[in-house]
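Hello,

Here is the structure for your files. My notes on the chain and its ligand follow below.

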Amino acid sequence: MEKRRYYITTPIYYPSDKLHIGHTYCTVATDAMARYKRLTGCEVMFLTGTDEHGQKIEDKAREAGITPQEFVDNIVRGDRGILDLWKLMNISNDRFIRTTDSYHVSAIQKIFKKLHDNGDIYKGKYVGKYCKPCESFWTDSQLVDGKCPDCGREVQDAEEEAYFFKLSKYADKIQHLLEDTDFLEPRSRVNEMVNNFIKPGLEDLCVSRTSFTWGIPVDFDPGHVVYVWVDALSNYITALGYDNDQYDDYDKFWPADVHFVGKEIVRFHSIIWPAMLMSLGEPLPKKVFGHGWLLLDGGKMSKSKGNVVDPYILAEMFGVDALRFFLLRTFPFGSDGNFSNEALIQTINVDLANDLGNLLSRTVSMVGKYFGGQLPAGCGPSEEELRLAERCAQPNCFGVTVEPGDDACDVELIALASALRSRYEEQMEHFAFQNGLAEIFKVIDRANKYIDENAPWVLAKDITANGPRLAHVMYNLLETLRVCAILLTPFIPTSAAEVLRQIGACEKCSTWDSAAQWGALPQTVAVQRGENLFPRIDTEKALKELEAAAEAAKKAALPDLETEPQLEEKVDFDTFCKSDFRAVKVKDCQPVKKSDKLLRFTLDDGTGTDRQILSGIAKWYKPEELVGKTLMAIVNLPPRKMMGQESQGMLISAVHTEKGEERLNLLILDDKIPAGAKMC
Ligand code: ME8
């Protein structure tokens, strides 16, 4: 039978800066969904990539003194760049598109021409507002307090010859798509789009620029580059081979099942993108899901605000799976959530270390201790338990009412674990990752309680009498772990595989189908003790380490070397000549009492009378290393008192900043220069 197909995408990221935890959040969610769909038997196409054109990148490259291509290559492929990050985070994308890839570039030119040739793109003059950081055009009515409605920053006036896309023509169709279908989720975003953008009147969209060059040239009108969003949105089809020969999967995977996008770019995906596709005569994606933001101290993370969280630091400190898990367990996908290190550590300690980690280590070690690592045959489910499990595994089974009795807790655990897959599936199909995980952890909690209720250590005191019961209890725990581990695979792939390995689950009993089959684990399976999967974290120590790591990373990100900008204001020559610079020889140099900054110099300035200068350079020089040196001083400044002592001039030094720290070097002259020589 042919496999069901599933095409899922993340936004393609701007490589204008390194990515932060907010970007990682969306990619991890997409990865979990892609892995879930593969687990359920679909043939998945998971696409991610980078959106590399636009003025912001051109400006940044210029600042860095390199070409835009070099700039983006560095952030995409460089050390700890985007590709490295996705590898670290165990992202299982099937394809990675860069909008500078040549096949994409030529496909965009063809797409632009098609839109033009079918009359949906025309030439006009753009007058409006432009938000440079967001690369977005706005009309006056869309601004909020005169600022960009997305990021709240200043916008610029913009006027230039430009091509326009007839977005207005598609207003009714888009409104119908949004209001009358489930194209856009969560539903709350529909009102936002319709009320803010469609009802006030959808205006035609400016889709080319002439004021910068880092973009895809409009091939039939040199000087114009394609608006970065037209270029970016089309990635979802060019990456499948639309209008190019690089790939050949368009018919197989388009239309996409879902585009995951952050809430601020829902507008582009739910209005502009469908209109472009309608104009091209191509099918629309089945769904756009606008997820919420990870906030830091209540605000959106962004490099320019300096409040970003580095996923590398977190993953290296707590482990990739723990970080992936935290992101999807803690925040409802459709809403905003506040990131904090404390919440991260707490989630790891409670869910992973205490609940899952403990259940695994207690179960495996008890099977080891009481049964030498292998349960006896006959410890599996009874006929009655199998009937119960089968009934509960049906979709929408919400458990059974348990009659009190000896094995009431068996029935409850088996019912809950058998119903888990269908409950989990219901949540996952709606991208409710947090709820899907909550279902799993209900079962894990129940299993931990089951251990306490059955007190295996008491049963083990009389193994002859209680052996079969003890073995059955252990089997039920292994089965619960198996079902949970299978369903955790999309979230914590490495750790879930390790749980399955430790409980001895074979390939056949690690599948999606087997997650709904209570009793699939062979009864005499051999468990394998392994490392503690999620060690408990010492919160206080970890918080301190995180602070230190963030500080070090901040420092490392500072420019290597910075000098002060040159003064614009001009000095006339005569004024300059009034400054008397002289060579001076250091006869003596002493620290100044009660000052950790000042050194007191006794200098030969060639006049025959010693000159005293105080200089705040103790941080950089030891007094004794300067004695005998020839320095440069300005000698006609009015004397001034410092720490009660007179300073008759100023020593000249060079100042710059290195990795955020101020550095100072005295101007040390050649010894051949006599004291008193005038500098001119
Ligand atoms: O928007 N929390 O790229 P981008 C959650 N190139 N998600 C966040 C976030 C946060 N704090 N910060 C950013 C672009 N994101 C375009 C996309 S698609 C054809 C072109 C999400 O690198 C953001 O919402 O600025 C967006 O979905 C994604 O990261 C990429 O952002």
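The radius of gyration here is taken over C-alpha atoms, and the globule rule is 2.2 Å times the number of residues to the power 0.38. For 680 residues a compact globule would come out near 26 Å, but the chain has 34 Å. Its C-alpha atoms fill a box of roughly 110 × 75 × 45 Å along the principal axes.

This is a predicted model, where local features need pLDDT of at least 70, side-chain atom pairs count only at pLDDT 80 or more, and totals for chains, interfaces and linings use all residues. Residues are numbered from 1 along each chain as its sequence is written, and side-chain values use heavy atoms, with hydrogens and water left out.

Secondary structure amounts to 22 helices and 26 strands (DSSP runs numbered from the N terminus: H or I of at least four residues, E of at least two). Buried residues make up 52% of the 680 (buried: under 20% relative accessible area, 1.4 Å probe, protein chains only).

On the ligand: 23 residues surround it, the closest being I12, D51, G262, E264 and L294 (a heavy atom within 4 Å). A ligand nitrogen is 2.6 Å from a side-chain N or O atom of D51, and a ligand nitrogen is 2.8 Å from a polar backbone atom of I12. A ligand oxygen lies 2.8 Å from a polar backbone atom of G262. Taken alone the ligand exposes 670 Å², of which the protein buries 95% (Shrake-Rupley method, 1.4 Å probe). α8 gives the most to the shell, with 3 residues.

Regards

Definitions and conventions
A polar contact is a pair of N or O atoms within 3.5 Å; within protein, one must be able to donate a hydrogen and the other to accept it, and residues adjacent in sequence count only if both atoms are side-chain atoms. Buried means under 20% relative accessible area, exposed over 50%, partly exposed in between (1.4 Å probe, protein chains only).
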